[in-house]
2 protein chains.
Amino acid sequence: MKIAVDAMGGDDAPQSPVNGAVLAARELEAEIVLVGDETEIRRGLATHGSPAKISVVHAAEVIGMDEPVATAVRRKRGSSIHVGARLLRDGEVDGFISAGNTGAVMAVTKVIVGTLDGVDRPALAVVLPTMTGRAVVLDVGANVDPKSRQLVQFALIGDQFAKALLDIPTPRIGLLSIGEEEAKGNELVRSVHQVLREQAINFLGNVEARDLYRGGADVVVCDGFTGNILLKTSEAIVEMMWHLMRKEFRRTPAGRIGGLLARGAFRRLGGRVDYQEFGGALLLGVRGLTVIGHGRSTPRAISNAVRLVEGYALRDLNRRVEDALAHLAGAQPPQNGARTETT
Amino acid sequence: MKIAVDAMGGDDAPQSPVNGAVLAARELEAEIVLVGDETEIRRGLATHGSPAKISVVHAAEVIGMDEPVATAVRRKRGSSIHVGARLLRDGEVDGFISAGNTGAVMAVTKVIVGTLDGVDRPALAVVLPTMTGRAVVLDVGANVDPKSRQLVQFALIGDQFAKALLDIPTPRIGLLSIGEEEAKGNELVRSVHQVLREQAINFLGNVEARDLYRGGADVVVCDGFTGNILLKTSEAIVEMMWHLMRKEFRRTPAGRIGGLLARGAFRRLGGRVDYQEFGGALLLGVRGLTVIGHGRSTPRAISNAVRLVEGYALRDLNRRVEDALAHLAGAQPPQNGARTETT
C-alpha cells in the first residue's frame, strides 16, 4: 500500500510531515510518497539517512495556510495538494494526508478526485474522545449550509464508517440538536428528523453535546457550521481547563506537590482528550481517502494518520458507502460523482 | 426592590428555590416574592422560621420541565411562570427568576411582558468564564433561525449589557463563526458581517470559540441554535474533563495523594468554570428582567440570580438598550414591542 503525504502542509512544514513520514515508514506497513518541494524534502530525509519505503514526488507550488481558497484552488494547480489529489485520483496511492489549508484540501479533493455514487458533497468527519470511548461527528466544516438530503447522506456515511473503522456492529446515530424532543432544533434539523427515522440505521433521534461526550451515541450528524463550532468549542474548553488547572495548581505548595505526584494522571488525561491520537479529520464521500491533519500536527499525528488510512483502505469502506446510499430511503435516485477536473 | 422567584421551577422545586430565596433575603437587599403553590412554599419557609423580607403569591398551576411549550403556554395561564411574568409586567416586581422550563419562561415572558422598543425578539444571554475574566454570549437558545437584523439587535443589546453589568467601557464584540476571515461562515453570518461593521460598536469581526475562551472578546453574537450548541458543548466538556480526571487520579497511589494535596486547586478551578456563579441566563430585550436558572440550580445559584437582578435593575439597562437601538444603523425604524397578552 502507498500513501501520499503533503510535505508542505501544516505550520511546521516540511519538517513535521517529513519526520512523520519517517516515523510511519519505520513503524507501519505502508510506503510513503512525500509530495512537495523535492530539494527541501530530500534535505529533510537526509538527516534521517534517507530511509527506505519513502519516495518523493515534486510539486512546484505551495498553498499557504491562510490563503483564500477559491483563488488558490484555481491558480495553483501545481501545488502539493493538487499533485497529491491527482496521485489519489490516478490510483497511484491509496490515500492522501495533508495538514495544510483545510478549505483548499477539501475543495481540491472534491474537484480532482470526485465524490462517490450517491454523495452530493463530501463531509469532514472527526473521531472525538468520550467518557466511555469515542464517537464520530460529521460534518465539521465541509458544508456550512447543507440541504437536508445531504445530512441524510452524512448519517449513512457515518454509519458505515463507525461499522468499518470503529468496529461497532450497529452504530447509534444521533442528530445534533438543542433538545431531545423531535420538535426541538432549527429548521434544518426539524426537516431531516423524520427522513432519518425512515433509514435502515439505528437512529436515536436528537442528541445534545452531553449525550455525545457521555458516550451515548456513536455517530453524531450535523451541518458543517454547527459541527465546526462544536469541535472548536471542545478544543477551546480543553485548552482553558489546562490553563486554569496549571494556574491553580501552582498557587500553593500543596498544589505544586500534588501536581508533581499526579503527573502520570495528567499525562494519561492529556492522551485521552488529544485530537492528534486519531490522526486527523477525514474527508468522507470522495473516491479515495483524504485525511486532513490539524495545522499544528506533530510527526506523531502524521504517523497516526498513516495508520488510519491503512485501516480505512483495507476495509473497503467506500464500496460499502455506495451500497448503503443506493438503498437510501425516500430520496431521489443517486447521482454520479463528478470525476473531472473542471476548475 | 422586589424580585419574584418561581418556587415551582427546577428539578428540586420547591425546595431549592425556597432555600435560595431565604439565602438571598438574608444576604442581599431585595425583598423576595415566592410564586407558586402557597401551601408548599409556606411549609418550606416554616423550616427556616418564616424569615422576614419574603412574601408569597399563590399560583395554582405548574408547567413541567419537559412539558411541550406551545400547549403549556396557552393552557396553563395560572402557572407560576405566568403569575411571575404578570407581576413583572404590572411593575409589582423589578425582576423575575425561574429555573423552570426554559422554553416556557421565554415564551410567556415575551408575550406577557413584551419586548423593548426596537427589539423584534428577545435573546437569551449567558455570561461565561474565560481564561482572563468573562464574556457574554447571546443568543443561546431563544431564536433558532433568526434574521440577520435580529443578530444586529443582539449585538447592540450585548454591547449595552457588557457596559452596564460587566463594567467594560468599550466592549469588544465578535460574531461567532468558523474562521476569522469575513468570507468564513454560513449564510447568516456572512450576511450580518457588513451590517455589524456599520454600527457604533467596537466590532472585532468573526471570532471562534478559542478567541472567546482565551478572553479575546467581551460579547459574542450568534443565532440561538449555534449559541446553545456552544453552551452545551462547553458544559459537556467540563463534565467530561472532571470525570476523566477523577478516574486518572484514582488509578495510582501517587495520583490519589496528589489529588488530595491539590484539593484546593480543584475547588478553585471548579468555582472558575461553574455556570452557577453568575446566576443564570438572562432574557434580554424584554420590558423587565427575567433570569432563567439552570434546571439543576442550587439555592446558591438562585441567590446569585437575585444579586444579578439587583445590579441589572439599578443600572437602568433597558432604557440604554432602547436608546442604542433607536440609533441602529442601516435598518428599518424600530417597532414597538407588543405588550398585550394574546396567547
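Two strands pair where DSSP finds at least two bridges between them, strands (E, at least two residues) and helices (H or I, at least four) being DSSP runs numbered from the N terminus. The model is predicted: local features need pLDDT of at least 70, side-chain atom pairs count only at pLDDT 80 or more, and totals for chains, interfaces and linings use all residues. Residues are numbered from 1 along each chain as its sequence is written, while chains are lettered from A and ligands numbered from 1 in the order in which they are written.

**View 1. Strands β5 and β10 of chain A.** Strand β5 (residues 123-129) of chain A and strand β10 (residues 281-284) of chain A run antiparallel and are joined by three bridges. A:Leu124 has A:Leu283 in β10(A) as its bridge partner.

**View 2. The open sheet of chain A.** Eleven strands is the extent of this sheet, an open one of 11 strands with mixed pairing in the order β3-β2-β1-β4-β11-β10-β5-β6-β9-β7-β8. β3 (54-58) and β8 (202-207) of chain A are the edge strands, each pairing on one side only. From one strand to the next the twist averages 25°. Helix α9 (residues 224-250) of chain A packs on the sheet and touches β5, β6 (134-138) and β7 (172-176) of chain A; contact requires C-beta atoms, placed from the backbone, to lie within 7 Å. The direction of α9 makes about 140° with that of β6(A), where axes are lines fitted to C-alpha atoms, for helices over the stretch in contact, and angles run from 0 to 180 degrees between N-to-C directions.

**View 3. Helices α6 and α13 of chain B.** The axes of α6 (residues 148-165) and α13 (residues 317-326) of chain B come within 9 Å and cross at roughly 140°. α6(B) is therefore oblique to α13(B) (under 35 degrees counts as roughly parallel, over 145 as roughly antiparallel, 65 to 115 as roughly perpendicular and the rest as oblique). The residues of this contact between α6(B) and α13(B) comprise nine nonpolar, two polar and two charged (Ala, Val, Leu, Ile, Met, Phe, Trp, Tyr, Cys and Pro count as nonpolar, Asp, Glu, Lys and Arg as charged, and the others, Gly among them, as polar).

**View 4. The side of chain B that touches chain A.** In chain B, 48 residues are in contact with 48 residues of chain A. α9(B) gives the largest share of this side, 20 residues. By class, the side holds 24 nonpolar, 13 polar and 11 charged residues.

Methods. Contact = placed C-beta atoms within 7 Å.
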